[in-house]
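Open the model in your viewer and show it as a cartoon. The stops below can be selected one after another.

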Amino acid sequence: MENGSANVLIVDDNIQNIELLEAILLSRGYHVHKAYNGEDALKMVDKMLPHIILLDVMMPGIDGYEVCKRIKHGEKTRFIPVIMLTALNGLDDKIKGIEAGADDFLAKPFQKPELIARVKSLIKLRNLIVELDSAQNVIYSLALALDFNDPYTHGHSQRVSDMSARLAEFMGLSQNEQQIIRHAGVLHDIGKIATDKKVLHKPASLDKIEYNHVKEHPVIGEKICSPLNFAKPVLPIIRWHHEHFNGSGYPDGLAGSNIPLGARILSVVDVYDALTSARPYRQGLLPDKALEIINTEACKGYWDANVVKPFIDMLKTDSASSNA
Ligand SMILES: [Fe+2]
């Protein structure tokens, strides 16, 4: 990207600092936007998604660390590079900045070549990340298109993704683990792209050959997603989302805690969504009936009881709050 098309947001309550930075950046062809406090900065970031942010630390109201933290937690804004403007010997500032997720630091007084070099290289990095992100979007779109095009599963992957991530949160898993499970939900059945549609939509039970053919989809899904960096932590869940807690599942017959927790969570939600959705050969079951079946199957060892219990609790909490 040419400098001329990159938007830089400068956030500082000191007008002289802003003018100095603005003059340097304008001379290199950047588009400059300005905010004089944290509140305005956050609103502008959300609205314009700048290519880079130069952020002062000390400001009245929301300070620079808090602004940085919020930007780095925002789904849409987390990839925007943030350079924090610190005092010359501000080691404490730097440590706090690193904790807040800052990408780089610039000490006052600013040196023009240093400022330009840092802005340039971080925008380059940001553009690379955006490109990688679009690779993620392509595979996501493919998975969702596959799902929505299927008259019988219509929206299954998106529902499994949302509900599995909520269950992970309900069970106290970290935000990162929740995010991995969310991705896995969207991608878990992508391997069905290689499954014969006549078999997939057969309005009767499958024979052994057909069933073995359907059973290939977790391994194919893992292969499809394996070249993608963002999907690396998701691969075990894709591969093992049809394993059973007692070792009777496929493709590897893993049992107990050898099945990653994310896969155990997703498999329970997967079966719940399948039971409550209509199929060519039956109507969707009511939630209570589906939970009864899952609970019975958990007692027989198919599902992890330590996942099924919080899942039932979560759905009870949901229905209690929707009836309130
Ligand atoms: Fe599946």
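Start with strand β4 (residues 82-86), which four bridges join to β5, the two running parallel. Helices (H or I, at least four residues) and strands (E, at least two) are DSSP runs, numbered from the N terminus. The model is predicted: local features need pLDDT of at least 70, side-chain atom pairs count only at pLDDT 80 or more, and totals for chains, interfaces and linings use all residues. Residues are numbered from 1 along each chain as its sequence is written.

Select T86 next; its bridge partner in β5 is A107.

Now show the whole sheet. It is open, with five parallel-paired strands in the order β2-β1-β3-β4-β5; strands pair if DSSP finds at least two bridges between them. β2 (31-35) and β5 (104-107) are the edges, each with a single partner strand, so one side of each has no neighbour in the sheet. From one strand to the next, the twist averages 20°.

Move to helix α6 (residues 156-170) and helix α14 (residues 305-323). Their axes come within 10 Å and cross at roughly 105°; axes are lines fitted to C-alpha atoms, for helices over the stretch in contact, and angles run from 0 to 180 degrees between N-to-C directions. α6 is therefore roughly perpendicular to α14 (65 to 115 degrees; under 35 is roughly parallel, over 145 roughly antiparallel, the rest oblique).

Select R166, L167 and F170 in α6, which meet P310, F311 and M314 in α14 (contact: C-beta atoms, placed from the backbone, within 7 Å).

Definitions and conventions
Two residues are in contact if their C-beta atoms, placed from the backbone, lie within 7 Å.
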